[in-house]
Amino acid sequence: MKNTLYKLGCIICIVSLAMIMVTGCAKKTETTQIPGATSAEQAKAQEAAAAEEAARQQTLKEQALKEQQEALKKQLLAEAASFVDIHFDFDKYDLKPEARDILSRLGDWLITHRDFEMAIEGHCDERGTKEYNLALGERRADSAKNYLVNLGVDGARITTISYGEELPLDPAQTEEAWAKNRRDHFVIYPVNQ
């Protein structure tokens, strides 16, 4: 009888150890159990957590897309800023060959990037009356605009303005300074800005 109780005690110990090992090594599930919650409440909480995670992922995607768009916009504005001014001879508004080259490249760029518009600013040197230089600056800006329109750029995307002699690039009163001031300057910007 004593021997039988000893065997029974050993069997109970072995079974208990086996149970502890099986339950201790079981893989933990990813779900979070809410103490005291019913299975319907837990399912609802899991749905809410999944929806919150999906919303967080969507926000991250939108933020990444916005950052990409901003980087592209900065890159395009840097490209646009690389178009240099074109210059004119004294009292002239006809386009020189080097001006036509610059405008051709600018026209190609504008045709490719239709979400940008531009303003052409016409400038003059200080010689001549204020009124005459305003009119000459306008003719210079119109000359560049017409060239771009003939290349296929939509004229509605281009505005012109004349500053006459009011905004000299170089205020010196030398032939070199006057040559710098007889120019069209281009301001390119995204649509709706």
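Visitor: What makes the largest nonpolar core a core, and how many residues has it?

Guide: A nonpolar core is a set of buried Ala, Val, Leu, Ile, Met, Phe, Trp, Tyr and Cys residues joined through side-chain atoms within 4.5 Å. Buried means under 20% relative accessible area, exposed over 50%, and partly exposed in between, with a 1.4 Å probe and protein chains only. The largest such set here has 23 residues. Those with the most contacts inside it are Ile 86, Leu 103, Leu 106, Met 118, Leu 148 and Phe 186.

Visitor: Which elements supply at least two residues of this core each?

Guide: They are α2 (39-81), α3 (97-112), β2 (116-123), α4 (130-151) and β4 (183-190). Helix α3 gives the most, with six residues.

Visitor: Where do these numbers come from?

Guide: Residues are numbered from 1 along each chain as its sequence is written. The model is predicted: local features need pLDDT of at least 70, side-chain atom pairs count only at pLDDT 80 or more, totals for chains, interfaces and linings use all residues, and side-chain values use heavy atoms, with hydrogens and water left out.

Visitor: What counts as a helix or a strand?

Guide: Both are DSSP runs, numbered from the N terminus: helices are H or I with at least four residues, strands are E with at least two. By that rule the chain has five helices and four strands. From the N terminus on, they run α-α-β-α-β-α-β-α-β.

Visitor: Which residues does Ile 86 touch?

Guide: Contact means heavy atoms within 4.5 Å. Not counting residues up to four places away in sequence, Ile 86 touches Leu 95, Ala 99, Ile 102, Leu 103, Ala 144, Arg 182, Arg 183, Asp 184 and Phe 186. Across the chain, take the contacts with a separation of 6 or more: residues 24 or more positions apart account for 74% of them.

Visitor: How many aromatic pairs are there?

Guide: The structure holds two. Rings of Phe, Tyr and Trp (its six-membered ring) pair if their centres lie within 6.5 Å. Planes under 30 degrees apart count as stacked, over 60 as edge-to-face and the rest as tilted.

Visitor: What makes Phe 83 and Trp 109 an edge-to-face pair?

Guide: Their rings are 6.2 Å centre to centre, with 70° between the planes. The pair links distant parts of the chain, 26 residues apart. Phe 83 is in the loop between α2 and β1 (86-87), and Trp 109 is in helix α3. Both Phe 83 and Trp 109 are buried.

Visitor: Why is the pair of Trp 109 and Phe 116 called edge-to-face?

Guide: The ring centres of Trp 109 and Phe 116 are 5.2 Å apart and the planes meet at 65°, so the pair is edge-to-face. Trp 109 and Phe 116 are both buried. Together, Phe 83, Trp 109 and Phe 116 form one aromatic cluster.

Visitor: Which residue lies over the face of Tyr 132?

Guide: Arg 139 does, at 5.8 Å from the ring centre. The rule asks for NZ of Lys or CZ of Arg within 6 Å of the ring centre and within 35 degrees of the ring normal.

Visitor: Why does Asn 181 count as buried?

Guide: Its relative accessibility is 3%, so Asn 181 falls under the 20% limit. Asn 181 sits in helix α5 (residues 175-181).

Visitor: What polar contacts does the side chain of Asn 181 make?

Guide: A polar contact is a pair of N or O atoms within 3.5 Å; within protein, one must be able to donate a hydrogen and the other to accept it, and residues adjacent in sequence count only if both atoms are side-chain atoms. The side chain of Asn 181 reaches the backbone nitrogen of Leu 169 at 2.6 Å. A polar atom of that side chain also lies 2.8 Å from the backbone oxygen of Asp 170.

Visitor: Why is Asp 91 called partly exposed?

Guide: Asp 91 has 36% relative accessibility, so it counts as partly exposed. Asp 91 is in the loop between β1 and α3. Its phi is near 60°, a positive value in a residue other than glycine.

Visitor: Why does Gly 128 count as partly exposed?

Guide: Gly 128 is at 49% relative accessibility, so it is partly exposed. Its place is in the loop between β2 and α4. The C-alpha atoms of Gly 128 and Asp 91 are separated by 9.0 Å.
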